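Let's take a walk through this fold together.

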Amino acid sequence: MSWQTYVDDHLMCDIEGSHLTAAAIVGHDGSVWAKSATFPELNGERHLMNYYDVGLRAGWCSIHFLGVFWIRILCKSEEITGIMKDFDEPGFLAPTGLYLGGTKYMVIQGEAGAVIRGKKGSGGVTIKKTGQALIFGIYEEPVTPGQCNMVVERMGDYLVDQGL
């Protein structure tokens, strides 16, 4: 099964006549494995660059050679860096909030090292960490926080059981 199928069929599934607003599966390095069409753009997603432009990039980047003259440079966004730090140091995001696609969420109680939850108005976000990926679910009413948590955390638990 493709990663996109996990997003389309399992994370964006029907929830009592509604569904999550957006969902994604993102590697710990910030690479987007699959996402819904409505998932916000993360800073530092994949860029193709000419080999000679490599010296212009810095920061949390990894370089992947695609051929003689082209490479892919993947830069981890500050948003993903902050989320990963909060999993390692629970409470790290509490003072500043959780940012996703430039939207700020107030961090609410999650599960230290496993789940981060954020709230913004009548909606919010749930992020489940697995061994290799982050599972994101973003919701708005009529979806409830509990429904979002259940969808995202079940998917994350399944992937953990599969060694992912």
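Start where two helices meet: W3, Y6, H10 and L11 of α1 touch V151, V152, M155, Y158 and L159 of α3. Contact here means heavy atoms within 4.5 Å, and helices (H or I, at least four residues) and strands (E, at least two) are DSSP runs, numbered from the N terminus. By makeup, the residues of this α1–α3 contact split into 8 nonpolar, 1 polar and no charged. For that count, Ala, Val, Leu, Ile, Met, Phe, Trp, Tyr, Cys and Pro are nonpolar, Asp, Glu, Lys and Arg are charged, and the others, Gly among them, are polar.

Before going on, a word on what you're looking at: this is a predicted model, in which local features need pLDDT of at least 70 and side-chain atom pairs count only at pLDDT 80 or more, while totals for chains, interfaces and linings use all residues. Residues are numbered from 1 along each chain as its sequence is written, and side-chain values use heavy atoms, with hydrogens and water left out.

Back to the helix pair. Helix α1 covers residues 3–11 and helix α3 covers residues 145–161; they pack at about 145°, with axes 11 Å apart. Those axes are lines fitted to C-alpha atoms, for helices over the stretch in contact, and the angles run from 0 to 180 degrees between N-to-C directions. The crossing of α1 past α3 is right-handed, meaning that the near helix is turned clockwise from the far one by less than a right angle, with anticlockwise giving left-handed.

Which residues of α1 are buried? They are Y6, V7 and L11, where buried means under 20% relative accessible area, exposed over 50%, and partly exposed in between (1.4 Å probe, protein chains only). Looking down the axis of α1, these buried residues fall within an arc of 95°, so they line one face of the helix; the arc is that of the directions from the helix axis to the C-beta atoms. The cover over them includes α3 and β10, along with β1 (22–27) and β2 (32–35).

Now zoom out. The protein chain has 3 helices and 10 strands, running in the order α-β-β-β-β-β-α-β-β-β-β-β-α. Of its 164 residues, 43% count as buried. Among contacts between residues at least 6 apart in sequence, 46% join residues at least 24 apart. The chain exposes about 8,600 Å², with carbon and sulfur atoms supplying 53% of that; the areas come from the Shrake-Rupley method with a 1.4 Å probe, and for residues only the protein chains shown count as cover.

T130 is in the one between β9 (123–129) and β10 (133–139), and at 4% relative accessibility T130 is buried.

Most residues other than glycine have a negative phi, and most peptide bonds are trans. E16, in the loop between α1 and β1, has a positive phi of about 50° although it is not a glycine, and E16 is exposed at 74%. The peptide bond joining E141 and P142 is cis, with omega about 15°, and P142 lies in the loop between β10 and α3.
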